[in-house]
Amino acid sequence: HNMKWKIPLYKVDWDKEDVRTVTNVIKRGMEWAIGPEIEKFEQSLADYHDSKYCVVFNSGTSAGHAALLSLNLKPSSEIIVPSFTFIATANWPLMVGAKPIFSEIEEETLGMDPSHLDSIISKKTEVLMPIHYGGMPCKIIEIKKFAEQHKLTLIEDSAESIGSTIGNKKTGSFGDMSILSFAGNKVLPTGEGGAVIVNSKKIYEKLKLIRSHGRQINSNYFQTNEVPNYISLGYNWRMSSMTAALGISQLSKLDKLISKRKKNAQYLSSKLNKHSKVILPFNYKNHKSIFQLFSIRVIDNLRDDLIEFLTSKGIMSKIFFEPVHLTQFYSKNKKKISLPTTEKISQQILTLPMYPSLTKHDMNFISDSIDEFMETL
């Protein structure tokens, strides 16, 4: 359905400050690329994650691609990823000539299942790449232990989880690297954009070369007449200065945006917890979600009917995610793999609208509609 939704799945929260920062870059008439905003945004993101370095990119997908390129993996390398994720997570290994191996998820956080890893690791495994689903931290502490035991590189796909925590430690600060995304529906949106958080200076330098044509240079390429030195293969995955300006502005409000999401998630949960056929997103132990997605699980095969019903009311809902291993691209000419928990969850999962400016009035309409649907059963 492509329609005008009464309540969309997400709305971006913006203010005059966002407009002002971007306008300043435009009016400068200079440095629309490689402006001072780039390094300022990177430094702020690194500080936010208690990390040494950050490199921003034009998308989370480029960021993940660059992260794997920076490892110089052997062509036959295996990278363990969950199948319950956005497709980019599984595509990254293929982009660098490696092979994605799909792991099962567990039901507490809907993240990579640490207890499944023993059965899929091989001599070729080099990287573990869990995701924090919908802003909920996965069991990253157990996963990190496994990575250390087997000397694997740990990359957190934190595209959906900036600001989420386990105890007082932020997701994105557990792995050797962490991928962030600033796509339009994210908690820190800039329209398009991404980043890699990293502590290794060597990887940091490599990422910068990969991002910009393998060009070694100490100043702004567009402002200097020195002859650049090209020392490796690189791409053009730079973020624009306008995008970074917007990122800085949004980051300064991030904690406020997150607390509004948490409040809304709490309210919506309190309205829906009377339904026995609905499993609400819950915080596992001391893992705190930022609710980039508010994903319920609808049991007894009622999910698709509920989608139709909500659509008829003008309420958008969406399935995040169909398992990657069952997509057309991944299921053809590959040996059949069976991930029963992933397949079960993806048949129950339903993401409802969630954003900072969602009103009680809207949330009442969502919950009343779900009440009405449940009453017809």
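Modeller: A residue counts as buried when its relative accessible area is under 20%, as exposed when that area is over 50%, and as partly exposed in between. By that rule Tyr 330 is buried, because its relative accessible area is 3%. The model is a predicted one.

Tyr 330 forms an aromatic pair with Phe 329. The centres of the two rings are 4.8 Å apart and their planes make an angle of 75°. Planes over 60 degrees apart count as edge-to-face, so the pair of Phe 329 and Tyr 330 is given that name. Phe 329 has a relative accessible area of 40%, so Phe 329 is partly exposed.

A search of the whole structure finds twelve aromatic pairs. One of them joins Phe 309 and Phe 373, with 5.7 Å from centre to centre and 50° between the planes. This pair is tilted. Phe 309 belongs to helix H9 (residues 303–312) and Phe 373 to helix H12 (residues 360–375), so the pair ties together parts that are 64 residues apart in sequence. Both Phe 309 and Phe 373 are buried.

Ring pairs can also link up into a group. Phe 84, Tyr 133, Phe 320 and Phe 321 form a cluster of this kind.

Arg 215 lies over the face of Tyr 221, at 3.6 Å from the ring centre. In another case, the charged end of Lys 169 sits over the ring of Phe 174, and the distance to the centre of that ring is 4.9 Å.

Lys 169 leads on to the strands, since strand E7 covers 169–170. Strand E7 is part of an open sheet of three strands, in the order E7-E6-E13, with antiparallel pairing. The edge strands are E7 and E13 (287–288), and each of these pairs on one side only. Strand E6 (residues 165–166) pairs with E13 over two bridges in the antiparallel sense. Ile 166 has His 287, in E13, as its bridge partner.

The side chain of Ser 270 reaches the backbone oxygen of Tyr 267 at 2.6 Å. Ser 270 is in helix H8 (residues 254–272), and its relative accessibility of 42% makes Ser 270 partly exposed.

Notes:
Residues numbered from 1 in each chain as written. Predicted model: local features only at pLDDT ≥ 70, side-chain atom pairs only at ≥ 80, totals over all residues. Heavy atoms only, no water. Pairing = 2+ DSSP bridges. Helix = DSSP H or I, 4+ residues; strand = E, 2+ residues; numbered from the N terminus. Phe/Tyr/Trp six-rings, centres within 6.5 Å; stacked < 30°, edge-to-face > 60°. Buried < 20%, exposed > 50% of the residue type's maximum accessible area, 1.4 Å probe, protein only. Lys NZ or Arg CZ within 6 Å of the ring centre and 35° of its normal. Polar contact = N/O pair within 3.5 Å; in protein donor to acceptor, adjacent residues only side chain to side chain.
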